[in-house]
Amino acid sequence: MPDSVGRGGGVRTSRALVGYDEAVSRYDPLIGLETHVELGTRTKLFCGCPATFGGEPNTHVCPVCLGLPGSLPVPSRAAIEYTIRIGLALNCSIAEWCRFARKNYFYPDMPKNFQISQYDEPLCTDGWLEVTLGDEAGPDGAPRTFRVGIERVHLEEDTGKSQHMGGATGRIHGADYSLVDYNRAGIALVEIVTKPVEGTGPLAPDVAHAYVKELRDLLRSLGVSDVRMEEGSLRCDVNTSLSPRGSGRWGTRTETKNVNSLRSVQRAVHSEIERQAAVHDAGERVIQETRHFHEDSGITTSGRSKEEAQDYRYFPEPDLVPLAPPRDWVEQIRASLPELPAARGARLQEAWGITAAEMTIIGNAGALDLIEQTIAAGASPADASKWWLNELARRANDTGAELADLPITPADVAAIAALVGSGALNDRLARQVIEGVLAGEGTPDEVVAARGLAVVSDDAALNAAVDEAIAANPDVAGKIRGGKVAAAATLVGAVMKATRGQADASRVRELILARLTDS
Amino acid sequence: MAELFRMSAAEIAAAVRDGEASAAEVTDAHLARIEQVDPQVRAFLHVAADQAREAARAVDRRRAAGEELGPLAGVPLALKDVFTTKDMPTTCGSAILGDWLPPYDATITRRLREAGVVILGKTNMDEFAMGSSTENSAFGPSHNPWDLGRVPGGSSGGSSAAVAAHEAPLGIGTDTGGSIRQPGAVCGVVGVKPTYGGNSRYGVVAFASSLDTPGPLARTVLDAALLHEVMSGHDPCDATSIDAPVPPVVAAARQADVGGMTIGVVPEFTGEGFQPGVLARFGEAVELLESLGAKVTEVSCPHFSYALPAYYLIAPSECSSNLARFDAMRYGIRVGDDGTHSAEEVMALTRAQGFGAEVKRRIMLGTYALSSGYYDAYYGKAQQVRTLIIRDFEAAFDRVDVLISPTTPTTAFPLGERVDDPMAMYLADLCTIPSDLAGNAALSVPCGLSPEDGLPVGLQIMAPVLADDRMYRVGAAVEAALDARRGYPLLNDAKGLA
Amino acid sequence: MPIARDDVAHLARLSRLALAEDELDHLAPQLDEIIAAVARVQEVAAEGIPPTSHAVPLVNVFREDTVVPCLDAETVLSQAPAVEQQRFRVPRILAED
């Protein structure tokens with residue numbers, strides 16, 4: 001099925017479908033990833049236009065990013081510095097001397113019909129990133145890690161955006177014409193290219209997923225990009241090829257474009273392995289081509305064939321002088337790098353006394369920063385984890401928000417934990433406080449005051465409620481008097497209900513037992 | 001006082017400063033001169049009379065208010081139509097830009113305005129500065145004021161013809177392979193290619209980015225120097241602009257003394273293929289320099305003979321990329337957008353109709369030279385030759401202060417003679433190209449008339465990077481000696497205008 | 001290496017120039033002659049000679065990350081051949097990339 005939906009009504013084939021497990025039992029996958037990240041610099045790469053997302057069409061433009069005749073690019077120091085930060089964090093070497101190059105091809109969303117990029121002299125080369133597969137334990141029970149080699153990190157400019165009009169689908173094919181907005185044109189884009197990742201076996205989709213996730217977290221921690229995949233500030237192309245197990249030769253690779261969520265990275269590799277296995281099984285040849293991943297169906301379809309490799313006629317950009325980052329600048333940038341996610345994860349895991357698996361859960365929930373800050377605000381690691389991973393994760397999930405986007409601060413959570421710890425609140429009341437804070441009713445203290453939430457542990461107030469509960473439940477009272485102490489829970493529940501949850505449950509239990517037993 | 005339009009820029013500036021003439025009068029005199037002679041010369045593509053008069057009045061107001069005026073305030077100027085101007089169309093001599101009105105001023109345009117220079121209009125040029133005759137202009141050629149049947153040189157031929165025809169005392173051109181010095185030489189005026197990076201390229205529509213150099217044209221060396229200092233200097237909008245003080249060219253032009261200088265003659269540029277009259281005048285210039293106290297020696301630059309082929313790989317390569325933006329999508333004309341053609345087809349139809357033959361030749365040549373299979377043999381090799389030419393210059397400048405040669409192998413050639421013979425046309429830049437490839441400064445100063453045809457001959461003086469002042473010293477000395485010997489300015493002999 | 005008419009036609013396509021047949025007939029021999037002439041650079045002994053892309057050896061010219069005013073959309077679009085919804089209207093695009 002996948003190939004039959006290719007463009008131009010491609011020839012339908014009668015390939016047998018191959019399941020994933022079967023595919024990876026007979027073929028070794030080889031993957032490679034090219035990731036484009038829009039830098040979070042204030043201005044575009046070569047001009048002073050704002051690099052902010054969106055905006056009214058064609059309002060973030062000037063002669064330079066519109067490529068008007070006579071205009072000239074001047075690179076932003078910040079963009080160079082960010083790229084070096086990324087390179088250093090990925091354990092790359094930073095070029096002592098390198099140049100921008102022009103990549104020549106005609107396309108209406110590219111104002112100059114060439115892209116200023118880097119070709120054979122990238123700013124950063126030859127590094128690595130260690131990634132951890134959260135769900136897959138290795139033979140020793142520890143999470144499995146892979147070291148993904150980094151081929152290069154370079155800097156280039158983004159293109160404008162075309163909107164295809166007319167036709168049935170709003171897509172490029174069948175459109176009558178297109179409308180172009182150049183606000184995005186010229187925004188600084190860093191391209192991070194991995195070396196081919198071998199030896200993953202069936203874990204190839206997981207490694208791809210873990211790599212992009214780890215890279216995303218790394219970029220976020222470096223403060224170089226907001227890395228919002230949904231806004232296109234991080235975009236992935238995934239290369240996949242297969243080797244018949246034991247053959248020692250690799251099939252042709254395909255490049256799957258526009259894989260724009262973490263889950264899609266995984267699904268795209270998964271789907272492409274299945275498809276290529278079917279092609280090989282049918283005795284056919286995988287075609288070197290660009291493929292497009294479809295979020296809805298989870299499959300890839302054929303894009304442009306690369307049979308006739310495009311010649312971009314690269315040459316050194318004459319309008320820009322070479323880059324020769326002084327070594328002391330590079331070292332200064334290295335010294336200013338924040339603690340990187342992997343190192344930080346290991347440190348915090350030890351400090352908090354939790355397992356690697358728990359750490360992975362925290363990481364996957366995007367709660368690491370929040371929990372760390374909550375602990376810094378005075379909560380215990382157990383309390384901080386408990387509130388963020390349970391109650392708050394549930395509420396974030398309900399509203400489809402990121403944890404970090406909930407309108408509650410780590411300090412709020414620490415304050416709530418403290419109130420529970422002191423006995424002023426119980427868990428149930430604490431949940432009400434959280435609800436109030438999220439509803440914008442103020443700080444935890446303000447919510448407690450406004451809602452009149454407080455554990456009632458004053459014996460005089462509680463004794464009345466206890467007496468009422470005993471009177472209303474003579475059978476239960478009788479059982480307790482008869483020695484069935486466990487039945488006290490029913491009376492505690494009744495008291496709690498009567499006090500709308502504000503009673504100190506343990507004190508209530510003591511008072512009930514004092515009334516009904518000799519102890 | 002002489003007729004206003006015959007005065008030099010220095011004289012006009014002094015007259016305006018001293019209140020002997022208003023900037024408005026000066027401007028009117030030049031506009032009248034343009035009206036009178038430009039139908040024959042065709043130097044201008046666009047005359048901005050209203051804006052020029054307003055700029056002149058602003059200078060007069062500033063003077064009346066007691067403000068101090070700059071060295072060229074109130075002096076009219078002819079601007080090559082490759083510099084962007086907010087208030088005038090910019091065509092680059094091409095049909096493809098249509099009636100494009102740039103939304104911004106080139107840095108040099110802005111500096112001229114700030115200095116109170118009066119921009120009279122935009123001058124004709126070979127399309128996108130590719131050519132040596134202005135015959136590649138989509139709007140027809142300009143004519144040489146010495147002989148209207150001959151070319152004014154190119155690509156800055158409109159500016160050189162305007163200056164030679166006394167339509168403006170100053171002109172600005174751009175030099176990529178000789179496009180200021182060659183038209184200067186064949187029109188009998190001074191043409192200067194400053195050090196690459198000394199003048200901002202921001203707002204100069206690019207032909208070959210690593211070579212394009214804006215520079216002055218004038219009737220005297222001092223005027224060229226005055227304009228040089230006004231237009232030059234570091235520009236943060238041009239990453240290739242040099243952040244260093246402008247060489248003291250005005251002082252050098254006033255010094256006009258070659259005593260104690262060592263001058264090298266490049267033997268590669270004095271032999272076969274040169275018009276005898278050109279060589280005769282060049283030989284006399286060498287003797288003159290010796291008589292003025294310079295030590296003249298011969299310095300071989302063996303790789304200069306490969307400069308022309310290297311240039312015709314590097315410049316077209318860069319141009320094929322620079323001119324890709326003219327694609328009918330954002331500005332300029334659009335051809336074939338009738339609903340049946342794709343964007344790709346509209347681009348190709350527009351470019352086929354909007355570009356002239358020379359531009360097409362160079363775009364295709366550059367596309368060829370940059371193709372992956374040919375890159376090393378053509379573009380890569382040309383870049384190595386560029387290194388060798390730089391080394392030739394460095395070795396030469398270890399021994400001498402400046403190098404000299406004829407500016408062009410021949411005097412102005414007849415219109416139409418080379419228009420469909422690209423290789424013959426390319427030879428016009430034989431002597432000027434090495435300085436473009438190496439980025440150093442060079443100046444052409446008239447050194448007499450060729451006896452065969454009575455047309456001007458240029459002496460080229462080449463100086464090291466950022467030593468532009470040296471060539472002004474030499475040029476001014478030659479000019480002063482020849483003017484003194486002749487008794488009147490050379491341009492008085494120009495009899496082409498009816 | 002001589003350049004045939006077909007090669008020139010190919011170069012024209014790569015250069016996005018829809019040349020007419022008679023134009024190709026005219027330009028092809030000229031390009032052949034020019035390419036033969038510029039091929040003289042190959043005679044130069046240049047082994048080990050570094051290429052020069054920038055004649056004046058500057059490095060590290062940067063701009064500070066400071067926002068400057070943009071052009072307004074009206075000015076930008078006033079020069080466009082066709083405009084719709086404050087965007088540049090272009091004919092249908094055939095291929096991606």
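These notes cover the nonpolar cores and the chain contacts of a predicted model.

1. Main core. The largest nonpolar core holds 288 residues, and L77(B), L120(B) and I461(B) have the most contacts inside it. The element that gives the most to this core is helix α3 of chain A, residues 204–222, with 10 residues.

2. Surroundings of I461(B). Leaving out residues up to four places away in sequence, I461(B) touches V402(B), I404(B), A442(B), L443(B) and V445(B), together with M471(B), V474(B) and G475(B). Another core, of 49 residues, lies apart from the largest one; L429(A), V455(A), A477(A) and A488(A) are among its members.

3. Chains C and B. Contact here involves 44 residues of chain C and 57 residues of chain B. On the side of chain C that touches chain B, two or more residues come from each of α1 (5–14), α2 (21–38), α3 (73–78) and β2 (87–91) of chain C. Of these, α2(C) gives the most, with eight residues. By class, this side of chain C has 32 nonpolar, eight polar and four charged residues.

4. Chains B and A. Here 32 residues of chain B are in contact with 24 residues of chain A. The side of chain B that touches chain A draws at least two residues from each of α10 (307–322), α11 (343–354) and α12 (357–370) of chain B. The most come from α10(B), which gives three residues. The class division for this side of chain B is 16 nonpolar, 10 polar and six charged.

Note on methods:
Residues are numbered from 1 along each chain as its sequence is written. Chains are lettered from A and ligands numbered from 1 in the order in which they are written. This is a predicted model: local features need pLDDT of at least 70, side-chain atom pairs count only at pLDDT 80 or more; totals for chains, interfaces and linings use all residues. A nonpolar core is a set of buried Ala, Val, Leu, Ile, Met, Phe, Trp, Tyr and Cys residues joined through C-beta atoms within 7 Å. A residue is buried if 20 or more other C-beta atoms lie within 10 Å of its own, exposed if 12 or fewer, and partly exposed in between; C-beta atoms are placed from the backbone. Helices (H or I, at least four residues) and strands (E, at least two) are DSSP runs, numbered from the N terminus. Two residues are in contact if their C-beta atoms, placed from the backbone, lie within 7 Å. Ala, Val, Leu, Ile, Met, Phe, Trp, Tyr, Cys and Pro count as nonpolar, Asp, Glu, Lys and Arg as charged, and the others, Gly among them, as polar.
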